[in-house]
Amino acid sequence: MSDPAQKPGGPDFAQGVPLANIGDGAMMLGHVDGEPVLLARRGHELFAIGAHCTHYGGPLAEGLMVDDTVRCPWHHACFNLRTGEALRAPALDPVSCWSVEQRDGSAYVGKKIESAAPRPRSAAAGGPKSVVIVGGGAAGNAAAEMLRREGYPGRITMLSADRSVPCDRPNLSKGYLAGTAPEEYTLLRSPEFYREHDIELKLGAGVASIDTAARQVVLVDGARHAYDALLLATGAEVVKLDVPGNDLPHVHYLRTVADSKTLIAKATASKRAVVIGSSFIGLEVAASLRARDIAVHVVAPDTVPMRKVLGPVVGEFIRALHERHGVTFHLGTVATSIGGRGVTLQNGEILPADFVVVGIGVRPAISLAEQAGLAIDRGVTVDEHLETSVPGIFAAGDIARWPDPHTGDAIRVEHWVVAERQGQAAARNILGRKERFDAVPFFWTEHYDFTLNYVGHAERWDEAELEGQLDAETQNCTITYRRSGRTLAVATVRRDLAALRAEVELERTFA
Ligand SMILES: Cc1cc2nc3c(=O)[nH]c(=O)nc-3n(C[C@H](O)[C@H](O)[C@H](O)COP(=O)(O)OP(=O)(O)OC[C@H]3O[C@@H](n4cnc5c(N)ncnc54)[C@H](O)[C@@H]3O)c2cc1C
Ligand code: FES
C-alpha cells in the first residue's frame, strides 16, 4: 500500500500547467492544496481526480487511461475521470474530483467537486421490495453496496455464516498474516458502514435451505427471511485433508479472519510449520510465515508448484524464490499421516511441526443451490446476467459458472476481483439492468516482494511464451498463454502497464 501522507510530487496544478506539457491521452501527477492529484487529458477535455486508488492506494498516474476512465496498475480497478466513481472493483469508493479551467494555454486545477449522490430509484418501479444476499464475502458485500449506490431504497439483508463483517480475504494470507498489515485492513468496511447504508447484516447466520416456492430462505436456527430477489454468494469451502491425524488441534486451514488470527497466534508461539499443498494460498502462507521467522516445510504431490496454472518456468522460479527465502520443499510426495510430533511423508520421513497449515484447494459451496434444485455444473450455472435457472435467484463469486464470451466456455474462477465485479453486476441485474457479465478475469498473487498479475482465463493451454527475464537477478517479464495460437491469458511480473494493455486487448476478443 502506498503512503498517502508522503509529500505529493509533481507540479502544483493550482498554479497552472502549460497545455503543451500534457498531450492527448496523457496523465500527469501533481498536487493541489497538498493533495496528490492526477491530471488527464482527452482531446480538448481535461480531468483532475485523486491520484491514489481507493483500494490499496495504487498510483493511478502509472495506470492506463482508456477513453474517459483510468485503470489502476496494481489490481485493475477502474475510475471514471469525469466523476471519480469506482467503476470496477476492487476499488469500492470513488476518488475525489476537481474542477479544471483552461486559460492562456495552461490548465488550472480549481476546487474539489462534491461527489455525486446515489442515483435515486423508486422501489415501486416493478423492482424487488426486498433483496436477500446469502454470503458476506467479496461478492455479497459488493452486491449490497452496489444496490445502495444505484439508489435502491428497498430492504437489503445480508446473511453470513462468518463471524466477522465482510473481510479482505486476500490480505489474510499476505500482509495481515506476515505482520505487515494491521488488523483493521482485514475488514472491507466497519460495522457502522452497514448501519449507515441500511444493510441488515446478520453474522453467524448460516442458511440451511431455500424455499423457492415461498420465496424464503431458512436459517439454521429455523428463522425465515422472505425475498423478492435472492443472491447466492456462498463462496468456497476448503478441501479437507483425508489422512489420519487430520483433526488434531494443530492442523489448520485458512479462509476466515478467525483462521488467520489463529495462525498468527500459533506463529507467535512456534518455531516450525509444515504447509501441505503448494497452491497460491499454501505458498502465500509459507512466505508470510517466513516473514515471522518460522521454519517452513512445504509438502505437495506436484513436482513443480503452480505448474498447471502458470507453467513450468514460472513454477520453477516460484520454487527457487521460496527456497532462497529458506523454505524447504518436499515435492512429488504426500503426507500420509499427521501426529503430535509432525507430518509423516510417503517414504516414512517425519517432518517435525509445531503446527500444520493445509492448503490443498477449495470447492464451491453449492449445497444450498443443489438442495433448491438450481441447475448445477461444477458450480451454480448462471446465464450471461448471472441469473440462475430459477428466475429471481442470482449467483456470483466462487460458486458461479458463467458463459464467458471471451473463451466461449462456461467458466468458474476463484478470484477476488471477479467475485466483487460479479456481485456488482448481479446487483444491477437484480434492479432490472440486464447487464451482460463480460469482464476479463484478473487475479494477483504475492510472495515476499514478488507479485504476479494475471489477466484472462486459460484452463488449458498448449503454449506459454515468456518474454523478458524471470530469475533471481531480474524479474521483469510477460508470459502469454495460448491455445491453438490464440491468446487466452497473460501473466506479468513488474509490468503493470503491459497487464492493463493485455486486459484491454482481451476485452476486445470474443469467441
Ligand atoms: C487466504 C485467501 C487469500 C486469497 N488471495 C487471493 C488473491 O490474492 N487474489 C485473488 O484473486 N483471490 C484470492 N483469494 C480468493 C478470493 O478471496 C475468493 O475468490 C473470493 O473471496 C470469493 O468471493 P465469494 O464472495 O464468492 O466468496 P467468499 O468471499 O468466500 O464469501 C462467501 C461467504 O458466504 C458465506 N456462506 C457460505 N455458506 C453460507 C450459508 N449456507 N449461509 C450463510 N452464509 C454462507 C461465508 O461465510 C462467506 O461470508 C484468496 C482466498 C483466500 C481464502
Ligand atoms: S490498489 Fe488499485 S486496484 Fe488495488
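**View 1. Strand β20 (residues 272-276) runs parallel to β26, with four bridges between the two.** Strands here are DSSP E runs of at least two residues, numbered from the N terminus, and two of them pair if DSSP finds at least two bridges between them. Look for I276, which sits opposite V358 in β26. This is a predicted model, where local features need pLDDT of at least 70, side-chain atom pairs count only at pLDDT 80 or more, and totals for chains, interfaces and linings use all residues. Residues are numbered from 1 along each chain as its sequence is written, and side-chain values use heavy atoms, with hydrogens and water left out.

**View 2. Strand β19 (residues 251-252) is parallel to β26 too, joined to it by two bridges.** Here H252 faces V357 in β26.

**View 3. Now for the side chains of β26 (residues 355-358).** F355 and V357 point one way, while V356 and V358 point the other. Whichever way they go, all are buried (under 20% relative accessible area with a 1.4 Å probe, protein chains only).

**View 4. Time to peek into the largest cavity, about 90 Å³ in volume.** A cavity is a set of points on a 1 Å grid over the protein atoms alone where a 1.4 Å probe fits but cannot get out, and lining residues have an atom within 4 Å of a point. The structure has one cavity of 30 Å³ or more. Its lining includes D404, H457, R486 and L506. Strand β36 (residues 486-493) gives the most, with three residues. By type, the lining splits into four nonpolar, six polar and two charged residues.

Technical notes
Chains lettered and ligands numbered in written order. Buried < 20%, exposed > 50% of the residue type's maximum accessible area, 1.4 Å probe, protein only. 1 Å grid on protein atoms, 1.4 Å probe; cavity = no way out; pocket = protein on both sides within 12 Å on 5 of 7 lines; lining within 4 Å. Points joined across faces, edges and corners; volume = space filled by probe spheres on them. Nonpolar A, V, L, I, M, F, W, Y, C, P; charged D, E, K, R; others polar.
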